[in-house]
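Please look at the sequence and the structure before reading on. The paragraphs below then go through them step by step.

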Amino acid sequence: MTDSPRPSLTPPPDAAQPVRHPDAPAPGKAIEPHYEHCFACGPAQPHGLHLSSRAGEGVEVFAEFTVGTAHQGAPGLAHGGVLVTAMDDALGTLNWLLHTTSVTARLETDFRAPVPVDSTLYLHTWAEAVVGRKIYCRGEARLGAPDGPLALTARALFIQVTLDHFVNHGRPEDIKAVIENPDLIKRTRAFEVNP
Ligand SMILES: CCCCC/C=C\C/C=C\C/C=C\C/C=C\CCCC(=O)SCCNC(=O)CCNC(=O)[C@H](O)C(C)(C)COP(=O)(O)OP(=O)(O)OC[C@H]1O[C@@H](n2cnc3c(N)ncnc32)[C@H](O)[C@@H]1OP(=O)(O)O
């Protein structure tokens with residue numbers, strides 16, 4: 001199978017600055033999980049990360065989670081994929097600052113230090129530029145404190161989609177359960193855009 005080369009994760013020089021939506025959560029305010037069964041932020045996942053997030057002052061999110069025994073790869077250390085999951089979700093939560101719905105198209109992560117079980121990872125993500133449906137964003141994660149040693153850095157490209165993306169591709173029974181939950185559908189519809 002062949003694959004075409006992917007465009008760069010660096011925004012073009014004439015890219016627009018991301019704009020904090022007027023109805024974005026106030027700086028410091030907690031951002032609710034986007035879906036109760038989300039492996040990263042959902043409260044209904046017993047072995048999930050239970051990532052908690054809050055809005056920053058810019059188009060940025062601060063998030064944290066504590067590495068549990070269910071999150072190991074090597075003995076006593078977090079699995080790299082689990083760390084990427086946390087980063088992916090903290091980047092996805094930027095949707096709440098931009099008031100849009102986008103999905104990860106590409107995510108590049110550098111692992112800079114091992115992350116032990118029981119340690120808390122502090123993530124910071126921010127949008128760097130927006131070009132049409134493309135949202136260029138970045139993130140970093142630090143160990144033990146918001147200014148602790150750097151554990152991860154990431155660059156990502158998210159692409160705006162409509163809610164049809166989820167309706168058309170998600171498992172029907174899960175979509176039905178969301179549609180029948182008035183709170184969740186109200187929250188989700190607030191972000192509907194027409195890219
Ligand atoms: C009513 C019920 C609703 C229920 C919903 C319930 C809850 C939902 C609520 C909120 C959810 C929101 C966010 C979730 C938050 C956190 C979760 C973390 C985020 C994730 O975990 S999310 C899962 C992983 N994610 C995917 O599952 C995506 C799979 N994928 C696709 O679905 C398509 O691939 C898509 C849509 C990405 C693009 O497809 P497409 O057909 O729309 O667009 P196209 O391919 O034309 O690309 C347009 C331009 O982007 C460039 N481009 C594309 N891909 C690129 C790449 N990889 N690298 C560099 N550039 C790329 C092209 O080069 C072109 O660029 P140009 O315009 O310049 O030519």
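The structure is a predicted model, in which local features need pLDDT of at least 70 and side-chain atom pairs count only at pLDDT 80 or more, while totals for chains, interfaces and linings use all residues. Residues are numbered from 1 along each chain as its sequence is written.

Around the ligand there are 25 residues, of which Gly92, Val103, Ala105, Arg106 and Phe166 come nearest; a residue is near a molecule if its C-beta atom, placed from the backbone, lies within 6 Å of it. Two or more residues of this shell come from each of α1 (80–92), β4 (102–111), β7 (150–160), α3 (164–169) and α4 (172–179), and β4 gives the largest share, four residues. Helices (H or I, at least four residues) and strands (E, at least two) are DSSP runs, numbered from the N terminus. By class, the shell has 13 nonpolar, six polar and six charged residues, where Ala, Val, Leu, Ile, Met, Phe, Trp, Tyr, Cys and Pro count as nonpolar, Asp, Glu, Lys and Arg as charged, and the others, Gly among them, as polar.

Val103 is placed in strand β4. Leaving aside neighbours within four places in sequence, Val103 is in contact with Phe158, Ile159, Val161 and His165, contact being C-beta atoms, placed from the backbone, within 7 Å.

An unreviewed UniProt entry annotates residues 76–142 as "domain: Thioesterase", and over these residues the chain is 25% helix and 46% strand.

Methods
UniProt positions renumbered as here; feature names shortened; annotations may be inferred. Contact = placed C-beta atoms within 7 Å.
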